[in-house]
Amino acid sequence: MDEIIRALPEKAKDKHKENKKFFSVLRKKPPKDLDSRMQEIHEEEFSRTNCLTCANCCKTTGPLFTHKDIERIAKHFRMKPGKFIEEFLRVDEDNDNVLQEVPCTFLGADNYCSIYEVRPKACREYPHTDRRDFHKIANLTLKNTAICPAVYNIVEEMKVKLK
Ligand code: SF4
Ligand code: SF4
């Protein structure tokens, strides 16, 4: 997996133009059954990909923390939300609460998330390839092809199955 992750930014760069064009067509005329077909492609990919051998999302791009996330995780640590923010988070240029540093503080050396049960909503939903109206997050997905090997493969599969 390490080699795949290392090669990913370059591979994503090579495909960027082609992928951008594909999503621009998809956005204009999405198939009526896009949600169910994406679900299928997503499940197929994640039946092959084991995130525990990767964790590249946790290592390179932290999630944003909503107020509900902060309250839930702070409670888990028996901390006041303010103290949790002070210790682990910072406000980014979009005014979102994000991690002070990556790799994520809560990621273990074995790639397990130490707060898995209470992890942020953004972590639960990443890489968003099974969400409804997937074509509406084209820019984020293009960015994720360079970070997540599963997203790279899913976009390749989409180009074959949804053309
Ligand atoms: S979601 Fe993608 S980047 Fe994150 S661990 Fe799984 S395969 Fe790797
Ligand atoms: S909270 Fe857990 S799932 Fe989310 S980035 Fe950190 S280690 Fe990964």
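## Report on the predicted fold and its two ligand shells

In this predicted model, an open sheet of 3 strands is arranged in the order β1-β3-β2, with antiparallel pairing. Strands are DSSP E runs of at least two residues, helices are H or I runs of at least four, and both are numbered from the N terminus; two strands pair if DSSP finds at least two bridges between them. The edges of the sheet are β1 (64–65) and β2 (89–91), each of which pairs on one side only. Strand β2 is joined by 3 bridges to β3 (residues 97–99), and the two run antiparallel. Within this pairing, L89 has L99 in β3 as its bridge partner.

Residues are numbered from 1 along each chain as its sequence is written, while chains are lettered from A and ligands numbered from 1 in the order in which they are written. Local features need pLDDT of at least 70 and side-chain atom pairs count only at pLDDT 80 or more, whereas totals for chains, interfaces and linings use all residues.

**Overall architecture**

The protein contains 8 helices and 3 strands, which follow one another from the N terminus as α-α-α-β-α-α-β-β-α-α-α. Its radius of gyration is 17 Å, close to the 15 Å that the globule rule gives for 163 residues, so the protein is as compact as a globular protein of that length. The radius is taken over C-alpha atoms, and the rule is 2.2 Å times the number of residues to the power 0.38. The C-alpha trace spans about 50 × 35 × 30 Å along its principal axes.

Of the 163 residues, 23% count as buried; this requires 20 or more other C-beta atoms within 10 Å of the residue's own, whereas 12 or fewer make a residue exposed and values in between partly exposed, with C-beta atoms placed from the backbone. T53, in the loop between α2 (34–48) and α3, counts as exposed because it has 12 C-beta neighbours inside 10 Å.

**Ligand shells**

A residue belongs to a shell if its C-beta atom, placed from the backbone, lies within 6 Å of the ligand. Ala, Val, Leu, Ile, Met, Phe, Trp, Tyr, Cys and Pro count as nonpolar, Asp, Glu, Lys and Arg as charged, and the others, Gly among them, as polar.

| Shell | Nonpolar | Polar | Charged |
|---|---|---|---|
| Ligand 1 | 10 residues | 2 residues | no residues |
| Ligand 2 | 9 residues | 1 residue | 1 residue |

The surroundings of ligand 1 include C51, C54, C57 and C148. Helices α3 (56–60) and α8 (149–161) each supply at least two residues of this shell. Among the residues around ligand 2 are C58, C104, C113, R119 and C123.
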